[in-house]
Amino acid sequence: MSEPEFEAFLRQLAHSLQLKELQKQAVADELRDHLEERLQLLMAQGRSREEACQQALAEFGDAVTLAHDFTLPQQRLQRRRTVRYTLTSATLVVTTFVMASFYWPVQRPEPFGQVVAQTDPQPGFIEVPIAAAPDKVELLRQEIEAKLQKRDLSFSMVDVPFQDALQYVSDALEVDVIINNRVFEENGVDLSTPVNLTLRTGNVSAKTALRLLLRQIQMEKTAAIVIRDGFIDITETDNSHEVQVYNCRDLLENVTVDQVQAARGGHGGGGMFQIGGAAGEGAGGGLGLGGSSGGVGIGLSTSCGTSSAGVALMHVLQQASQTDWMDIDGNGGTMTEFNGLITIGHTQEVHERINEILKKLRAANTQGAPANGAASGQRKS
Amino acid sequence: MSQRFGPDLLRGSLDLMVLSILAGGSTYGYDLQQRVLEASGQLVQLQAGTLYPLLHRLEADKLIRSRWEDSTGRKRKWYEITAAGKQRLSAQTAEWDRYVACIQAMLAPIRSIVTRPV
(Lines give C-alpha, C1' and ligand atoms only; values in the text may rest on other atoms or scores of the structure.)
Protein backbone atom coordinates (compact mmCIF):
# COMPACT_ATOMS: atom_id res chain seq x y z
CA MET A 1 0.00 0.00 0.00
CA SER A 2 1.46 3.33 -1.04
CA GLU A 3 2.09 6.11 1.48
CA PRO A 4 -0.72 8.68 1.79
CA GLU A 5 1.79 11.47 1.12
CA PHE A 6 2.77 9.79 -2.14
CA GLU A 7 -0.84 9.39 -3.19
CA ALA A 8 -1.57 13.06 -2.44
CA PHE A 9 1.43 14.08 -4.54
CA LEU A 10 0.43 11.75 -7.39
CA ARG A 11 -3.15 13.05 -7.33
CA GLN A 12 -1.93 16.63 -7.57
CA LEU A 13 0.40 15.65 -10.39
CA ALA A 14 -2.36 13.83 -12.27
CA HIS A 15 -4.64 16.84 -11.82
CA SER A 16 -2.06 19.12 -13.43
CA LEU A 17 -1.07 16.77 -16.26
CA GLN A 18 -2.54 17.75 -19.60
CA LEU A 19 -2.69 14.16 -20.78
CA LYS A 20 -5.30 11.50 -21.38
CA GLU A 21 -6.53 9.57 -18.34
CA LEU A 22 -4.62 6.40 -19.27
CA GLN A 23 -1.41 8.37 -19.71
CA LYS A 24 -1.95 10.08 -16.35
CA GLN A 25 -2.42 6.70 -14.71
CA ALA A 26 0.74 5.36 -16.34
CA VAL A 27 2.80 8.32 -15.10
CA ALA A 28 1.39 7.90 -11.57
CA ASP A 29 2.17 4.14 -11.58
CA GLU A 30 5.72 4.74 -12.72
CA LEU A 31 6.44 7.43 -10.15
CA ARG A 32 4.76 5.43 -7.38
CA ASP A 33 7.17 2.58 -8.09
CA HIS A 34 10.10 4.99 -7.85
CA LEU A 35 8.86 6.61 -4.65
CA GLU A 36 8.31 3.28 -2.90
CA GLU A 37 11.71 1.94 -3.86
CA ARG A 38 13.35 5.16 -2.77
CA LEU A 39 11.45 5.05 0.53
CA GLN A 40 12.68 1.52 1.27
CA LEU A 41 16.28 2.48 0.53
CA LEU A 42 16.20 5.61 2.66
CA MET A 43 14.62 3.74 5.58
CA ALA A 44 17.26 1.01 5.22
CA GLN A 45 19.82 3.80 5.62
CA GLY A 46 18.27 4.66 8.97
CA ARG A 47 15.85 7.46 8.11
CA SER A 48 12.47 7.56 9.81
CA ARG A 49 9.44 6.84 7.62
CA GLU A 50 8.39 10.49 7.72
CA GLU A 51 11.85 11.78 6.80
CA ALA A 52 12.18 9.21 4.04
CA CYS A 53 8.79 10.18 2.59
CA GLN A 54 9.71 13.85 2.58
CA GLN A 55 13.10 13.20 1.03
CA ALA A 56 11.66 10.96 -1.71
CA LEU A 57 9.02 13.54 -2.61
CA ALA A 58 11.50 16.44 -2.46
CA GLU A 59 13.57 14.74 -5.15
CA PHE A 60 10.66 15.14 -7.56
CA GLY A 61 10.21 18.85 -6.89
CA ASP A 62 6.95 20.73 -7.33
CA ALA A 63 4.10 18.63 -8.76
CA VAL A 64 2.81 21.39 -11.06
CA THR A 65 6.23 22.06 -12.60
CA LEU A 66 6.81 18.35 -12.99
CA ALA A 67 3.43 17.99 -14.70
CA HIS A 68 4.45 20.70 -17.14
CA ASP A 69 7.71 18.88 -17.92
CA PHE A 70 5.81 15.64 -18.52
CA THR A 71 3.20 17.25 -20.73
CA LEU A 72 5.57 18.97 -23.15
CA PRO A 73 6.98 15.89 -24.96
CA GLN A 74 3.51 14.40 -25.45
CA GLN A 75 2.11 17.61 -26.83
CA ARG A 76 5.13 18.12 -29.04
CA LEU A 77 4.44 14.67 -30.43
CA GLN A 78 0.77 15.47 -31.01
CA ARG A 79 1.72 18.70 -32.74
CA ARG A 80 4.10 16.84 -35.04
CA ARG A 81 1.30 14.42 -35.91
CA THR A 82 -1.09 17.29 -36.57
CA VAL A 83 1.41 18.98 -38.88
CA ARG A 84 1.97 15.66 -40.67
CA TYR A 85 -1.77 15.09 -41.12
CA THR A 86 -2.25 18.68 -42.24
CA LEU A 87 0.49 18.30 -44.83
CA THR A 88 -1.04 15.02 -45.99
CA SER A 89 -4.48 16.62 -46.25
CA ALA A 90 -3.07 19.59 -48.15
CA THR A 91 -1.29 17.25 -50.55
CA LEU A 92 -4.53 15.31 -51.12
CA VAL A 93 -6.50 18.50 -51.77
CA VAL A 94 -3.91 19.78 -54.25
CA THR A 95 -3.76 16.40 -55.98
CA THR A 96 -7.56 16.27 -56.22
CA PHE A 97 -7.63 19.79 -57.62
CA VAL A 98 -5.01 19.00 -60.25
CA MET A 99 -6.74 15.75 -61.22
CA ALA A 100 -10.16 17.44 -61.38
CA SER A 101 -8.80 20.27 -63.53
CA PHE A 102 -7.13 17.76 -65.83
CA TYR A 103 -10.19 15.58 -66.39
CA TRP A 104 -12.88 18.28 -66.23
CA PRO A 105 -14.80 18.38 -69.53
CA VAL A 106 -14.15 21.49 -71.59
CA GLN A 107 -17.83 22.41 -72.02
CA ARG A 108 -18.44 22.44 -68.28
CA PRO A 109 -17.67 25.40 -66.06
CA GLU A 110 -14.35 25.32 -64.24
CA PRO A 111 -14.62 23.40 -60.97
CA PHE A 112 -12.93 26.02 -58.83
CA GLY A 113 -13.29 29.00 -61.05
CA GLN A 114 -15.59 31.93 -60.58
CA VAL A 115 -17.87 31.65 -57.60
CA VAL A 116 -21.49 31.77 -58.61
CA ALA A 117 -24.05 32.59 -55.97
CA GLN A 118 -27.47 31.30 -56.89
CA THR A 119 -30.58 30.07 -55.16
CA ASP A 120 -31.18 27.13 -57.46
CA PRO A 121 -27.95 25.25 -57.90
CA GLN A 122 -27.55 23.39 -61.18
CA PRO A 123 -25.51 20.27 -61.78
CA GLY A 124 -21.94 21.11 -62.63
CA PHE A 125 -21.81 24.25 -60.53
CA ILE A 126 -20.17 24.30 -57.17
CA GLU A 127 -21.98 26.59 -54.84
CA VAL A 128 -19.78 28.31 -52.33
CA PRO A 129 -21.50 29.90 -49.36
CA ILE A 130 -19.95 33.33 -49.71
CA ALA A 131 -21.30 34.67 -46.44
CA ALA A 132 -20.05 31.70 -44.44
CA ALA A 133 -16.36 32.57 -44.59
CA PRO A 134 -16.36 35.81 -42.58
CA ASP A 135 -18.81 34.32 -40.07
CA LYS A 136 -16.52 31.39 -39.47
CA VAL A 137 -13.54 33.67 -38.92
CA GLU A 138 -15.54 35.80 -36.52
CA LEU A 139 -16.77 32.72 -34.63
CA LEU A 140 -13.19 31.52 -34.34
CA ARG A 141 -12.13 34.91 -33.03
CA GLN A 142 -14.91 34.88 -30.45
CA GLU A 143 -13.99 31.36 -29.40
CA ILE A 144 -10.36 32.33 -28.81
CA GLU A 145 -11.40 35.52 -27.04
CA ALA A 146 -13.62 33.44 -24.71
CA LYS A 147 -10.69 31.12 -23.96
CA LEU A 148 -8.49 34.11 -23.19
CA GLN A 149 -11.07 35.39 -20.72
CA LYS A 150 -11.31 32.05 -18.89
CA ARG A 151 -9.97 32.03 -15.36
CA ASP A 152 -9.21 28.36 -14.87
CA LEU A 153 -5.46 28.48 -15.42
CA SER A 154 -3.42 27.22 -12.51
CA PHE A 155 0.31 26.67 -12.60
CA SER A 156 3.59 27.26 -10.85
CA MET A 157 6.48 28.21 -13.10
CA VAL A 158 9.92 28.41 -11.54
CA ASP A 159 12.70 29.46 -13.91
CA VAL A 160 10.75 28.18 -16.88
CA PRO A 161 12.02 29.47 -20.25
CA PHE A 162 9.62 32.09 -21.59
CA GLN A 163 8.85 30.15 -24.76
CA ASP A 164 8.05 27.01 -22.73
CA ALA A 165 5.78 29.06 -20.51
CA LEU A 166 3.92 30.29 -23.60
CA GLN A 167 3.75 26.74 -24.88
CA TYR A 168 2.17 25.67 -21.61
CA VAL A 169 -0.51 28.35 -21.88
CA SER A 170 -1.03 27.43 -25.53
CA ASP A 171 -1.53 23.79 -24.61
CA ALA A 172 -3.86 24.65 -21.75
CA LEU A 173 -6.01 26.86 -24.00
CA GLU A 174 -5.73 24.48 -26.96
CA VAL A 175 -4.95 27.47 -29.14
CA ASP A 176 -1.68 27.97 -30.99
CA VAL A 177 0.35 30.86 -29.61
CA ILE A 178 2.77 32.11 -32.26
CA ILE A 179 5.67 34.37 -31.32
CA ASN A 180 6.93 37.06 -33.67
CA ASN A 181 10.64 36.34 -33.13
CA ARG A 182 11.72 39.55 -34.82
CA VAL A 183 10.06 41.76 -32.19
CA PHE A 184 11.85 39.95 -29.39
CA GLU A 185 15.18 39.95 -31.22
CA GLU A 186 14.91 43.68 -31.92
CA ASN A 187 14.38 44.30 -28.23
CA GLY A 188 17.28 42.08 -27.25
CA VAL A 189 15.07 39.59 -25.44
CA ASP A 190 16.07 35.95 -25.44
CA LEU A 191 13.02 33.69 -25.68
CA SER A 192 14.64 31.27 -23.28
CA THR A 193 14.75 33.91 -20.54
CA PRO A 194 13.50 32.20 -17.38
CA VAL A 195 10.20 33.38 -15.97
CA ASN A 196 8.65 32.79 -12.57
CA LEU A 197 4.92 32.93 -12.17
CA THR A 198 2.55 31.11 -9.87
CA LEU A 199 -1.19 31.14 -10.43
CA ARG A 200 -2.82 28.87 -7.96
CA THR A 201 -6.16 30.48 -7.35
CA GLY A 202 -7.55 30.43 -10.85
CA ASN A 203 -8.62 34.06 -10.45
CA VAL A 204 -6.56 35.39 -13.32
CA SER A 205 -7.71 35.23 -16.93
CA ALA A 206 -5.50 33.54 -19.51
CA LYS A 207 -4.97 36.89 -21.20
CA THR A 208 -3.76 38.45 -17.97
CA ALA A 209 -1.49 35.44 -17.45
CA LEU A 210 0.05 36.08 -20.89
CA ARG A 211 0.50 39.76 -20.03
CA LEU A 212 2.15 38.83 -16.73
CA LEU A 213 4.54 36.52 -18.58
CA LEU A 214 5.38 39.33 -21.01
CA ARG A 215 5.95 41.64 -18.08
CA GLN A 216 8.51 39.18 -16.68
CA ILE A 217 10.70 39.79 -19.72
CA GLN A 218 9.97 43.54 -19.92
CA MET A 219 7.93 43.16 -23.10
CA GLU A 220 4.55 44.08 -21.68
CA LYS A 221 4.45 47.44 -23.46
CA THR A 222 6.31 46.38 -26.59
CA ALA A 223 4.48 43.18 -27.44
CA ALA A 224 0.78 42.81 -28.05
CA ILE A 225 -1.52 39.81 -27.74
CA VAL A 226 -3.48 39.74 -30.97
CA ILE A 227 -6.09 37.25 -32.08
CA ARG A 228 -5.50 36.34 -35.69
CA ASP A 229 -7.19 33.84 -37.94
CA GLY A 230 -7.38 30.90 -35.53
CA PHE A 231 -4.36 31.61 -33.36
CA ILE A 232 -2.91 34.03 -30.83
CA ASP A 233 -0.13 36.19 -32.17
CA ILE A 234 2.45 37.61 -29.75
CA THR A 235 3.72 40.40 -31.90
CA GLU A 236 4.63 44.05 -31.90
CA THR A 237 2.16 46.55 -30.56
CA ASP A 238 0.12 47.45 -33.57
CA ASN A 239 -0.86 51.09 -33.82
CA SER A 240 -2.25 50.71 -37.30
CA HIS A 241 -5.98 50.97 -37.68
CA GLU A 242 -8.23 48.18 -38.71
CA VAL A 243 -11.89 48.47 -39.57
CA GLN A 244 -14.54 46.41 -37.84
CA VAL A 245 -18.30 46.55 -38.12
CA TYR A 246 -20.38 46.13 -34.98
CA ASN A 247 -24.00 45.12 -35.28
CA CYS A 248 -25.69 47.15 -32.56
CA ARG A 249 -29.29 46.87 -33.70
CA ASP A 250 -30.23 44.95 -30.57
CA LEU A 251 -29.04 47.86 -28.43
CA LEU A 252 -30.82 50.46 -30.49
CA GLU A 253 -34.20 48.90 -31.12
CA ASN A 254 -35.85 49.96 -27.84
CA VAL A 255 -34.55 53.47 -27.70
CA THR A 256 -37.27 56.05 -28.21
CA VAL A 257 -36.86 59.50 -29.64
CA ASP A 258 -37.96 60.93 -26.30
CA GLN A 259 -35.17 59.23 -24.51
CA VAL A 260 -32.63 60.59 -26.93
CA GLN A 261 -34.18 64.08 -26.72
CA ALA A 262 -34.07 63.86 -22.94
CA ALA A 263 -30.48 62.85 -23.18
CA ARG A 264 -29.70 65.77 -25.45
CA GLY A 265 -31.35 68.07 -22.94
CA GLY A 266 -28.67 67.16 -20.42
CA HIS A 267 -30.97 65.86 -17.71
CA GLY A 268 -28.83 64.15 -15.18
CA GLY A 269 -28.46 60.49 -15.79
CA GLY A 270 -31.62 59.93 -17.82
CA GLY A 271 -31.22 57.63 -20.73
CA MET A 272 -30.92 54.17 -21.98
CA PHE A 273 -27.25 53.55 -21.62
CA GLN A 274 -25.15 53.70 -18.58
CA ILE A 275 -21.72 52.34 -18.15
CA GLY A 276 -20.16 51.83 -14.81
CA GLY A 277 -16.61 50.75 -15.10
CA ALA A 278 -17.35 49.48 -18.55
CA ALA A 279 -14.22 50.97 -19.90
CA GLY A 280 -12.13 49.26 -17.33
CA GLU A 281 -9.88 51.22 -15.04
CA GLY A 282 -10.49 54.92 -15.15
CA ALA A 283 -14.02 54.86 -16.49
CA GLY A 284 -14.83 55.54 -12.88
CA GLY A 285 -18.03 57.44 -12.66
CA GLY A 286 -19.46 55.86 -15.74
CA LEU A 287 -21.59 57.60 -18.30
CA GLY A 288 -25.23 58.30 -18.69
CA LEU A 289 -26.50 59.85 -21.86
CA GLY A 290 -26.45 63.51 -21.19
CA GLY A 291 -25.70 62.70 -17.61
CA SER A 292 -23.00 64.03 -15.45
CA SER A 293 -20.90 64.76 -18.45
CA GLY A 294 -23.42 67.42 -19.26
CA GLY A 295 -25.14 66.02 -22.29
CA VAL A 296 -22.40 66.32 -24.78
CA GLY A 297 -23.62 66.91 -28.28
CA ILE A 298 -26.16 64.21 -28.97
CA GLY A 299 -28.05 65.53 -31.90
CA LEU A 300 -31.29 64.41 -33.46
CA SER A 301 -30.19 65.56 -36.83
CA THR A 302 -28.89 62.56 -38.62
CA SER A 303 -27.15 61.84 -41.82
CA CYS A 304 -28.56 59.37 -44.28
CA GLY A 305 -29.26 56.09 -42.50
CA THR A 306 -27.92 57.27 -39.18
CA SER A 307 -30.32 57.16 -36.27
CA SER A 308 -30.21 59.57 -33.39
CA ALA A 309 -30.00 56.62 -31.02
CA GLY A 310 -27.07 55.39 -33.05
CA VAL A 311 -25.35 58.74 -32.63
CA ALA A 312 -26.03 58.50 -28.91
CA LEU A 313 -24.52 55.03 -28.76
CA MET A 314 -21.47 56.21 -30.68
CA HIS A 315 -21.07 58.98 -28.14
CA VAL A 316 -21.17 56.46 -25.30
CA LEU A 317 -18.59 54.27 -27.02
CA GLN A 318 -16.30 57.20 -27.71
CA GLN A 319 -16.45 58.45 -24.16
CA ALA A 320 -16.10 55.08 -22.50
CA SER A 321 -13.27 53.90 -24.74
CA GLN A 322 -11.12 56.79 -23.50
CA THR A 323 -9.10 57.26 -26.62
CA ASP A 324 -8.74 59.73 -29.48
CA TRP A 325 -11.40 60.02 -32.16
CA MET A 326 -11.09 61.91 -35.39
CA ASP A 327 -14.37 63.82 -35.01
CA ILE A 328 -13.56 64.89 -31.46
CA ASP A 329 -9.81 65.33 -31.29
CA GLY A 330 -8.95 65.73 -34.95
CA ASN A 331 -6.86 62.62 -34.82
CA GLY A 332 -7.37 59.03 -33.78
CA GLY A 333 -9.98 56.57 -34.96
CA THR A 334 -13.15 56.93 -36.91
CA MET A 335 -16.66 55.85 -36.05
CA THR A 336 -19.77 55.97 -38.20
CA GLU A 337 -23.19 54.42 -37.95
CA PHE A 338 -25.54 53.20 -40.65
CA ASN A 339 -28.77 51.40 -39.96
CA GLY A 340 -27.66 50.09 -36.58
CA LEU A 341 -24.25 48.98 -37.85
CA ILE A 342 -21.40 50.91 -36.28
CA THR A 343 -18.18 50.91 -38.29
CA ILE A 344 -15.05 51.64 -36.33
CA GLY A 345 -11.54 52.15 -37.64
CA HIS A 346 -9.06 52.00 -34.78
CA THR A 347 -6.27 49.94 -33.24
CA GLN A 348 -6.74 46.37 -32.15
CA GLU A 349 -6.51 47.46 -28.52
CA VAL A 350 -9.37 49.93 -28.92
CA HIS A 351 -11.45 47.30 -30.71
CA GLU A 352 -10.98 45.08 -27.68
CA ARG A 353 -12.21 47.90 -25.43
CA ILE A 354 -15.21 48.50 -27.70
CA ASN A 355 -16.08 44.80 -27.55
CA GLU A 356 -15.87 44.91 -23.78
CA ILE A 357 -18.07 47.99 -23.53
CA LEU A 358 -20.67 46.53 -25.87
CA LYS A 359 -20.68 43.30 -23.90
CA LYS A 360 -21.40 45.21 -20.68
CA LEU A 361 -24.03 47.34 -22.36
CA ARG A 362 -25.77 44.22 -23.57
CA ALA A 363 -25.60 42.64 -20.14
CA ALA A 364 -27.06 45.78 -18.58
CA ASN A 365 -29.68 46.03 -21.30
CA THR A 366 -30.77 42.42 -20.80
CA GLN A 367 -31.02 42.82 -17.06
CA GLY A 368 -33.16 45.93 -17.51
CA ALA A 369 -31.19 48.95 -16.41
CA PRO A 370 -33.23 51.43 -14.38
CA ALA A 371 -34.70 54.17 -16.53
CA ASN A 372 -33.24 56.96 -14.44
CA GLY A 373 -30.16 55.13 -13.33
CA ALA A 374 -27.52 57.38 -11.95
CA ALA A 375 -24.27 57.53 -13.75
CA SER A 376 -22.47 55.46 -11.21
CA GLY A 377 -20.73 52.14 -11.39
CA GLN A 378 -23.84 50.06 -10.78
CA ARG A 379 -22.92 47.50 -13.42
CA LYS A 380 -19.33 47.35 -12.45
CA SER A 381 -17.90 43.90 -12.73
CA MET B 1 35.54 15.47 -1.91
CA SER B 2 34.86 15.73 -5.62
CA GLN B 3 32.87 18.68 -6.91
CA ARG B 4 29.68 18.01 -8.85
CA PHE B 5 29.06 19.56 -12.25
CA GLY B 6 27.05 22.71 -12.85
CA PRO B 7 23.54 22.33 -14.28
CA ASP B 8 24.43 24.23 -17.47
CA LEU B 9 27.20 21.78 -18.23
CA LEU B 10 24.97 18.79 -17.55
CA ARG B 11 21.97 19.98 -19.53
CA GLY B 12 23.46 19.21 -22.92
CA SER B 13 24.70 15.77 -22.00
CA LEU B 14 21.87 14.14 -20.07
CA ASP B 15 20.44 12.40 -23.15
CA LEU B 16 23.85 10.98 -23.88
CA MET B 17 24.23 9.66 -20.33
CA VAL B 18 20.81 8.00 -20.26
CA LEU B 19 21.21 6.47 -23.72
CA SER B 20 24.64 5.16 -22.82
CA ILE B 21 23.30 3.43 -19.69
CA LEU B 22 20.39 1.94 -21.65
CA ALA B 23 22.80 0.73 -24.33
CA GLY B 24 24.12 -1.62 -21.63
CA GLY B 25 20.70 -3.22 -21.14
CA SER B 26 17.12 -2.47 -20.25
CA THR B 27 16.33 -0.99 -16.89
CA TYR B 28 13.75 1.06 -14.99
CA GLY B 29 13.81 4.66 -13.77
CA TYR B 30 15.12 4.27 -10.24
CA ASP B 31 17.80 1.77 -11.26
CA LEU B 32 18.85 3.98 -14.12
CA GLN B 33 19.24 6.91 -11.74
CA GLN B 34 21.51 4.81 -9.49
CA ARG B 35 23.54 3.55 -12.43
CA VAL B 36 24.20 7.09 -13.65
CA LEU B 37 25.36 7.96 -10.14
CA GLU B 38 27.69 4.97 -10.02
CA ALA B 39 28.99 5.36 -13.58
CA SER B 40 29.81 9.01 -12.93
CA GLY B 41 31.72 8.23 -9.74
CA GLN B 42 28.92 9.81 -7.63
CA LEU B 43 29.31 13.09 -9.50
CA VAL B 44 26.07 13.11 -11.48
CA GLN B 45 22.93 12.75 -9.44
CA LEU B 46 20.00 12.93 -11.82
CA GLN B 47 17.02 14.25 -9.90
CA ALA B 48 13.86 12.17 -10.27
CA GLY B 49 11.99 15.28 -11.41
CA THR B 50 14.47 15.62 -14.28
CA LEU B 51 14.90 11.95 -15.12
CA TYR B 52 11.30 10.90 -15.79
CA PRO B 53 10.29 13.77 -18.11
CA LEU B 54 13.59 13.12 -19.94
CA LEU B 55 12.73 9.42 -20.34
CA HIS B 56 9.29 10.32 -21.65
CA ARG B 57 10.80 12.74 -24.13
CA LEU B 58 13.26 10.16 -25.40
CA GLU B 59 10.38 7.70 -25.75
CA ALA B 60 8.29 10.25 -27.64
CA ASP B 61 11.27 10.71 -29.97
CA LYS B 62 11.39 6.91 -30.41
CA LEU B 63 14.96 6.73 -29.12
CA ILE B 64 13.87 4.37 -26.36
CA ARG B 65 10.81 2.18 -25.80
CA SER B 66 9.13 0.86 -22.70
CA ARG B 67 7.18 -2.10 -21.37
CA TRP B 68 5.37 -2.80 -18.13
CA GLU B 69 6.17 -5.67 -15.79
CA ASP B 70 4.78 -6.59 -12.38
CA SER B 71 7.10 -9.42 -11.39
CA THR B 72 8.11 -7.52 -8.23
CA GLY B 73 4.54 -7.24 -7.00
CA ARG B 74 4.04 -3.72 -8.25
CA LYS B 75 3.86 -2.25 -11.71
CA ARG B 76 7.25 -1.28 -13.03
CA LYS B 77 8.11 0.39 -16.32
CA TRP B 78 11.21 -0.88 -18.07
CA TYR B 79 13.05 1.05 -20.74
CA GLU B 80 15.30 -0.16 -23.54
CA ILE B 81 17.14 1.61 -26.29
CA THR B 82 15.84 1.39 -29.87
CA ALA B 83 17.81 1.15 -33.11
CA ALA B 84 17.23 4.88 -33.62
CA GLY B 85 18.49 5.45 -30.08
CA LYS B 86 21.67 3.52 -30.80
CA GLN B 87 22.24 5.59 -33.92
CA ARG B 88 21.70 8.78 -31.96
CA LEU B 89 24.04 7.57 -29.22
CA SER B 90 26.72 6.79 -31.76
CA ALA B 91 26.37 10.18 -33.45
CA GLN B 92 26.28 12.06 -30.13
CA THR B 93 29.31 10.16 -28.83
CA ALA B 94 31.32 11.16 -31.89
CA GLU B 95 30.13 14.73 -31.56
CA TRP B 96 30.96 14.73 -27.86
CA ASP B 97 34.49 13.45 -28.53
CA ARG B 98 35.03 16.24 -31.06
CA TYR B 99 33.67 18.78 -28.60
CA VAL B 100 35.92 17.57 -25.78
CA ALA B 101 38.96 17.62 -28.08
CA CYS B 102 38.04 21.13 -29.20
CA ILE B 103 37.65 22.46 -25.64
CA GLN B 104 40.84 20.75 -24.50
CA ALA B 105 42.73 22.32 -27.37
CA MET B 106 41.31 25.73 -26.47
CA LEU B 107 42.20 25.35 -22.83
CA ALA B 108 45.68 23.94 -23.34
CA PRO B 109 47.46 27.32 -23.47
CA ILE B 110 45.94 28.48 -20.21
CA ARG B 111 46.07 25.20 -18.34
CA SER B 112 49.32 26.05 -16.65
CA ILE B 113 47.82 29.33 -15.43
CA VAL B 114 44.57 27.97 -14.01
CA THR B 115 46.23 25.00 -12.33
CA ARG B 116 48.94 27.10 -10.72
CA PRO B 117 48.49 27.18 -6.93
CA VAL B 118 47.43 30.58 -5.57
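Analyst: B:Leu107 is partly exposed, at 36% relative accessible area (partly exposed lies between buried, under 20%, and exposed, over 50%; 1.4 Å probe, protein chains only). This is a predicted model, where local features need pLDDT of at least 70 and side-chain atom pairs 80 or more, while totals for chains, interfaces and linings use all residues. Residues count from 1 along each chain as written, chains are lettered from A and ligands numbered from 1 in the order written, and side-chain values use heavy atoms, without hydrogens or water.

B:Leu107 sits in helix α5 of chain B, residues 83-114 (a DSSP run of H or I, at least four residues; strands are E, at least two). Together with B:Met106, B:Ile110 and B:Ile113, B:Leu107 makes a nonpolar patch of about 360 Å² (residues over 30% relative accessible area without a salt bridge, nonpolar side chains joined within 5 Å, like charges within 9 Å).

Now for the interface: 20 residues of chain B contact 21 of chain A (heavy atoms within 4.5 Å). About 1900 Å² is buried between them, 52% of it from carbon and sulfur atoms (accessible area lost on being put together, 1.4 Å probe, summed over both parts). B:Tyr30, B:Tyr52 and B:Arg74 supply 32% of what chain B buries there, more than any other three residues.

Seven salt bridges cross the interface (Lys or Arg side-chain nitrogen within 4 Å of an Asp or Glu carboxyl oxygen). A:Glu37 and B:Arg76 meet in a salt bridge at 2.5 Å, N to O. On chain B's side, α3 (29-39), α4 (48-60) and β3 (76-81) each give two or more residues, and α4(B) gives the most, seven.

Note on methods
Accessible areas come from the Shrake-Rupley method with a 1.4 Å probe; for residues, only the protein chains shown count as cover. Buried area is the accessible area (1.4 Å probe) that two parts lose on being put together, summed over both.
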